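Here are a few exercises to work through with the model open in your viewer. Try each task before you read its solution.

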Amino acid sequence: MAEIKDPENTILMELKGGTVTIELMPDLAPKHVERMKELARAGKYDNVAFHRVIEGFMAQTGDVANGNMEDNFNLRAAGTGGSDLPNLPAEFSKVPHARGTIGAARSANPDSANSQFFINFKDNDFLNGQYTVYGQVISGMEHVDALTRGEPPANPDRMISVKVAADA
């Protein structure tokens with residue numbers, strides 16, 4: 001387990017293989033960090049499917065409206081929704097989309113990010129400056145690497161639980 005420097009800005013994501021520790025970047029993207037913590041504290045990310053997992057690219061999850069595998073789950077709808085909170089403005093930066101970074105998923109509108117996010121499997125420089133980066137996996141990336149692939153996967157993996165380390 002990685003050393004947690006700032007428990008208030010660290011996420012503990014429980015996957016089937018173990019814990020993924022994510023260091024959030026509040027100085028870089030304060031609104032996105034705040035949203036992730038708010039949804040995690042409300043339990044909204046618990047049991048949400050990884051609905052889009054592309055080999056050599058990224059794993060996407062976070063559809064709290066349609067992705068909860070314990071609450072009227074419909075695999076075809078997963079990835080089409082967000083939360084009941086307003087969309088977030090883009091918080092682009094010079095931080096690259098490197099392996100293990102967390103990026104805000106959105107539609108074609110740069111200010112449409114809400115609850116969905118992705119974890120980069122590799123350096124995806126073509127995303128730089130186009131999607132908000134607001135976190136970095138600091139341990140447990142092997143559990144992300146082990147996620148079932150597919151768009152959507154036939155039997156998707158899920159985030160079992162997502163907590164702010166300060167609350168764990």
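**Exercise 1.** Work out how far apart the end C-alpha atoms of residues 18-168 lie, and what share is helix and strand.

*Solution.* Start with the ends: their C-alpha atoms lie 15 Å apart. Next, the span is 11% helix and 25% strand, going by DSSP runs (H or I, at least four residues, for helices; E, at least two, for strands). UniProt's unreviewed entry puts "domain: PPIase cyclophilin-type" on these residues; such annotations may be inferred rather than shown by experiment.

Some ground rules: residues count from 1 along each chain as its sequence is written, and side-chain values use heavy atoms, with hydrogens and water left out. The model is predicted, so local features need pLDDT of at least 70 and side-chain atom pairs 80 or more, while totals for chains, interfaces and linings use all residues.

**Exercise 2.** Describe the aromatic pair of Phe118 and Tyr131.

*Solution.* First, the search: the whole structure has three aromatic pairs (ring centres within 6.5 Å, using the six-membered ring for Trp; planes under 30 degrees apart are stacked, over 60 edge-to-face, the rest tilted). Phe118 and Tyr131 form an edge-to-face one, 6.0 Å centre to centre with 80° between the planes. Then place them: Phe118 is in strand β7 (residues 117-120), and Tyr131 is in the loop between β7 and β8 (133-139), 13 residues apart.

**Exercise 3.** Find which charged end sits over the ring of Tyr131.

*Solution.* Arg106 does, 4.2 Å from the ring centre (the test: NZ of Lys or CZ of Arg within 6 Å of the centre and within 35 degrees of the ring normal). Likewise, Arg149 has its charged end over the ring of Phe121, 4.3 Å from the centre.
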